[in-house]
Amino acid sequence: MNSMVQNNSLSTHKLPFQQLAQVPFTQVFIEDKFWSARMKALQKTTLKACLTQCEQTGRISNFAKAAGLMDGEFEGIFYNDSDVYKVLEGIAYSLMNEPDAELEAEADKVIDFIAAAQEEDGYLQTYFTLAEPDKKWTDMNKHEEYCAGHLIEAAIAYYQATGKRKLLDAAIKLADHIDALFGPNKRHWVSGHQEIELALVKLYLETKEERYWKLAYWFLEERGHGHGVGYSWDRADWGAAYSQDHLPVREMSTVTGHAVRAVYMYAGMTDVAALTGDEGYLGALDRLWDNVVNKNMYITGGIGPSKDNEGFTSDYDLPNQSAYCETCASVAMILWNHRMNLLHGDSKYADIVEREMYNGALAGVSLSGDKFFYVNPLETDGSHHRVEWYNCSCCPTQIARFIPSIGNYVYAVNERQIVINQYIAGIGSLQVGNEGVTLKQETNFPWDGTVTIRVEESGETPYDLLLRIPSWCKNFTLKVDGEAQTHPSMHNGYVKLCRAWKAGMEIELVLEMPVQKVYAHPLVIENTGKVALQRGPIVYCIEEMDNAAAYEQTIVSPHTRFQAVFEPNLLEGVVTLYAVGGSPTDTFQAIPYYTWDNRDSGKMRVWLPEAKVEAALYEIQ
């Protein structure tokens, strides 16, 4: 298994129009207290829970039935195959982090069913094979290409983890089937739920077959020309905008419709732009990013306020209690913003990755690893809780594939630079030009802003180290081998250090982490007169169980002062904020948002009334 780490698809590569190259998580060994706990819960609990649920709900037996290995009708919803693929992808990533023969054997059994269910022409979706065999590729809403995309992603990951080709061969056969049906001078098709686009680019990178990324490009180009038909297009309150089919992608400036579909599409657009340099795509991506992040994103990183369309309404419509903020959408934001960071080399995209990682996405799973949120409100009356599974379980399986891949987001490189995007303790085995570099990070982030970066191995050629200064950090100190750097060079949100780096050299970065008061944009009417609390990357909330006596009357006043206290025995170890004011109403306790609903039931809220609105954003001393 370890030999597969040398697979070419796992090596560092920079697409033609990217500023930075991806450093795959297989080159990042995580030794981080915070993330190691999450990854352990994932491997020991989450993946096995998801496998069990897929077995008990018929998701796995659907493949056996489609293969003729057992009798019975299709069970569940037409897109349920995708949940099995995402669990397999998560297993693959987990195996690359920590081998597990039993888990791998379980995955192999499932893969045998999947391969057996594939039809001779390459078609593979159990719903149509079992329930409507005469209606394949007739309904753009039925997620055929969505399921195919998740199969492709899972197959590539599993091959990279184990060297076993069975799932990859099935994915290639399905991709070839799709390529035979769709493309220039063939049938028109608009994907009702985007995913195939970014998956086809991954398949190109794995196989070097250019027709795959060109098919992804074609799928994107189909949008906005009236080719889309089906249920979501026919609904008067949804229409073509629900599936982002209302305009050609180059003309888009405003996010619309279903949040996950939109952001998956933007990720695919970013991949294509990185390959082609398409100016229309580059301009649209910049406009869409500005619209999503600055007008349609919650402080937690959540997007999509509406339950009705699982997505967007209008700019600055960000209600708290009815916020939808699907977990899948937060993970999709990570996928997109990571790609935008590689494309542009700007730290603002890595800032969003960080916000999502520690807040919007991480809230989607319990600390125990076996209960999940689909919806992530910023306020609740006590009736909203994580559950073990959903009929539509895209979010549990999304978390299952996201957490073991977090090493993807730590580093990026180009010919003469190493970029440190996320502060996560561990070792990165990197390559700058033709020379190998090994860096070791030591930190207790996100609870402490001190980061030590030590050069373990390095070549002879000078190169730059770029350290991201997060947007929440207003003051920092920096030392190289104990020497203070009083006027460090800044570039796109990064401190830039150029040296002939040698083994043993050490950088100390201290990011100040005072408690901050954060205010919403004035057009977010619901948060007028309210304030949220953030420390470092962590957004805080208050739960009724900690503040029962004055929960309903809790306010932040000009007299409120905060003390940040690390409590190792609370919620698996967190920094808690203790607010002390002039009365019981401005004396309260706040916990990290991602940890809420892990204890007794009760009310919760992120935004708190403020007795007096002061500066737009300031630090509390």
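**Notebook: a predicted model**

I began with E144, which sits in helix α6 (residues 144-162); helices here are DSSP runs of H or I with at least four residues, strands are runs of E with at least two, and both are numbered from the N terminus. This is a predicted model, in which local features need pLDDT of at least 70 and side-chain atom pairs count only at pLDDT 80 or more, while totals for chains, interfaces and linings use all residues. Residues are numbered from 1 along each chain as its sequence is written, and side-chain values use heavy atoms, with hydrogens and water left out.

**E144**

I asked which side chain of opposite charge is nearest to E144. Buried means under 20% relative accessible area, exposed over 50% and partly exposed in between, with a 1.4 Å probe and protein chains only. A salt bridge needs a side-chain nitrogen of Lys or Arg within 4 Å of a carboxyl oxygen of Asp or Glu. For charge, Lys and Arg count as positive, Asp and Glu as negative, and His and the chain ends are not counted.

I then looked at what the side chain of E144 does reach, and noted the backbone nitrogen of W137 at 2.9 Å. Leaving out residues up to four places away in sequence, E144 touches Y123, Q125, F128, K136, W137, T138, D139 and W189; a contact is heavy atoms within 4.5 Å.

**H384**

I located H384 in the loop between β3 (379-380) and α15 (394-402). H384 counts as partly exposed, at 22% relative accessibility. A polar atom of the H384 side chain lies 2.8 Å from the backbone oxygen of V375. V375 is also among the residues in contact with H384 beyond four places in sequence, along with F373, P377, W596 and D597. I checked H384 against I424 as well: they are 40 residues apart in sequence and 31 Å apart in space, C-alpha to C-alpha.

**Sheets**

I traced an open sheet of 7 strands in the order β2-β6-β7-β8-β14-β10-β11, with antiparallel pairing. Its edges are β2 (28-30) and β11 (483-484); each has a single partner strand, so one side of each is left without a neighbour in the sheet. Strands pair if DSSP finds at least two bridges between them. Inside this sheet I looked at β8 (residues 450-457) and β14 (residues 506-511), which are antiparallel and joined by 5 bridges. I453 has I507 as its bridge partner in β14.

A second open sheet has 6 strands in the order β1-β4-β5-β9-β13-β12, with mixed pairing. Here β1 (21-22) and β12 (489-491) are the edge strands, each pairing on one side only. I counted 6 bridges between β9 (residues 463-468) and β13 (residues 494-499), which run antiparallel. R468 stands opposite Y494 in β13.

**Backbone**

I noted a cis peptide bond between F445 and P446, with omega about 10 degrees. P446 is in the loop between β7 (435-443) and β8.

N185 has a positive phi, near 65 degrees, and is not a glycine. I placed N185 in the loop between α7 (166-181) and α8 (196-207), where it is exposed at 84% relative accessible area.

**Confidence**

I looked up pLDDT, the predictor's confidence in each residue from 0 to 100. The chain averages 95, and 97% of the residues score at least 70. Over residues 1-8 pLDDT stays under 50, and the model has 14 contacts beyond four places in sequence for them.

Notes. Polar contact = N/O pair within 3.5 Å; in protein donor to acceptor, adjacent residues only side chain to side chain.
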